[in-house]
Amino acid sequence: KELVMGNVNPPKHGTALAAQQFIDKLAELTGGKTKVIHHHSGALGGEREVGQQVQLGTVDFSPMTTAPLSTLVPEMSVFQLPYIFRDYQHVYAALDGTDTLQKYYDAVLDKKGLKLVGFFAAGYRGIYGHFPVNSVADVKGKKIRVQEDKILVATFKALGMISTPIAFPEVATSLQTKVIDSAEGGINTFYHNKFYDIVKYVADVRHTHQCVALIMAKSSWAKQDAATQKAIMDAAKYAEQWNRKFILDEDRGIQEQVKAKGVTITKPDATPFRQATMSVYEEFYATPAGKDARKMVDYILGIK
């Protein structure tokens with residue numbers, strides 16, 4: 001049978017490569033009986049649109065960044081809380097050390113018509129734009145594109161910036177026309193989408209380490225027989241392991257590749273950024289989703 005995957009990223013992006021690993025492994029495990037057509041590069045729309053199509057069952061799979069996914073599942077905002085992850089090892093310990101996050105989000109997504117298949121790591125995020133950032137003072141009053149997530153809007157507002165939620169396919173044009181001064185995003189995403197042709201400054205602030213949920217339509221999952229369901233989960237596990245190594249390998253060289261394109265990378269002290277954004281946690285806990293998901297925040301922060 002043929003299933004459909006919608007993905008906002010271009011083919012060489014780590015998330016698209018991990019998704020392809022999943023697709024190839026699933027075909028192998030099912031002896032070629034389950035084929036997934038990979039619509040990458042935003043061919044089916046932005047992440048929120050694709051997420052809604054997965055909910056409706058018109059698209060079967062999507063590797064969806066947890067920020068736009070939080071517009072459909074507010075509990076996903078946990079992953080965008082500023083500086084919740086210290087580094088990659090912390091991300092991997094949270095995702096792979098126990099099944100705590102998987103179990104919690106499996107139940108939460110199920111209520112929204114979605115099946116959680118797995119989690120990919122997508123790299124740390126920074127600020128890229130038309131101006132250099134050496135301190136918090138440099139960002140005040142600047143317009144920044146953020147993903148469609150209330151926590152990210154609140155985070156950059158706390159830094160004194162004008163947060164502007166924009167869907168990913170519109171980011172390049174918004175930077176070109178200077179509707180925005182900057183954008184928050186992955187350094188790898190910056191590189192693979194050739195944003196270095198538009199802006200020449202990247203600030204390595206690492207406010208989040210991006211996670212991506214591999215989701216499936218609950219209705220589509222229910223149609224698969226037990227053997228195919230097992231193959232889907234096994235293929236996801238394989239792709240997750242591939243992804244963990246890939247991101248670490250990519251991270252070693254990505255900044256040099258960006259610099260080779262004539263981009264200046266600054267590394268401002270993260271402490272003032274962290275201190276300025278701590279109030280965002282309380283804002284999240286004040287929401288119904290935040291109140292429920294606080295146990296996941298405590299779990300992540302408690303990992304040594």
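Asp 298 lies in helix H13, residues 288-301 (helices are DSSP runs of H or I with at least four residues, strands runs of E with at least two, numbered from the N terminus). Asp 298 is partly exposed at 44% relative accessible area (buried means under 20%, exposed over 50%, partly exposed in between, with a 1.4 Å probe and protein chains only). Asp 298 and Tyr 83 are 215 residues apart in sequence and 13 Å apart in space, C-alpha to C-alpha.

This is a predicted model, in which local features need pLDDT of at least 70 and side-chain atom pairs pLDDT 80 or more, while totals for chains, interfaces and linings use all residues. Residues are numbered from 1 along each chain as its sequence is written, and side-chain values use heavy atoms, without hydrogens and water.

Helix H13 also holds Lys 295 and Asp 292, which are 3 residues apart and so separated by about one helical turn. Lys 295 forms a salt bridge with Asp 292, the closest N and O atoms being 3.3 Å apart (a salt bridge is a side-chain nitrogen of Lys or Arg within 4 Å of a carboxyl oxygen of Asp or Glu). The structure holds 15 salt bridges. In helix H10, Lys 237 and Glu 240 have the 3-residue spacing, and their side chains meet in a salt bridge at 3.2 Å, N to O. Lys 237 is partly exposed at 46%, whereas Glu 240 is buried at 5%.

Gln 255 is found in helix H10, residues 226-259, and is buried at 9% relative accessibility. Among the residues touched by Gln 255 are Asp 204, Arg 206 and Lys 267 (contact means heavy atoms within 4.5 Å). Asp 204, Arg 206 and Lys 267 are linked in a network of salt bridges.

How values were computed:
Lists of a residue's contacts leave out its neighbours within four places in sequence.
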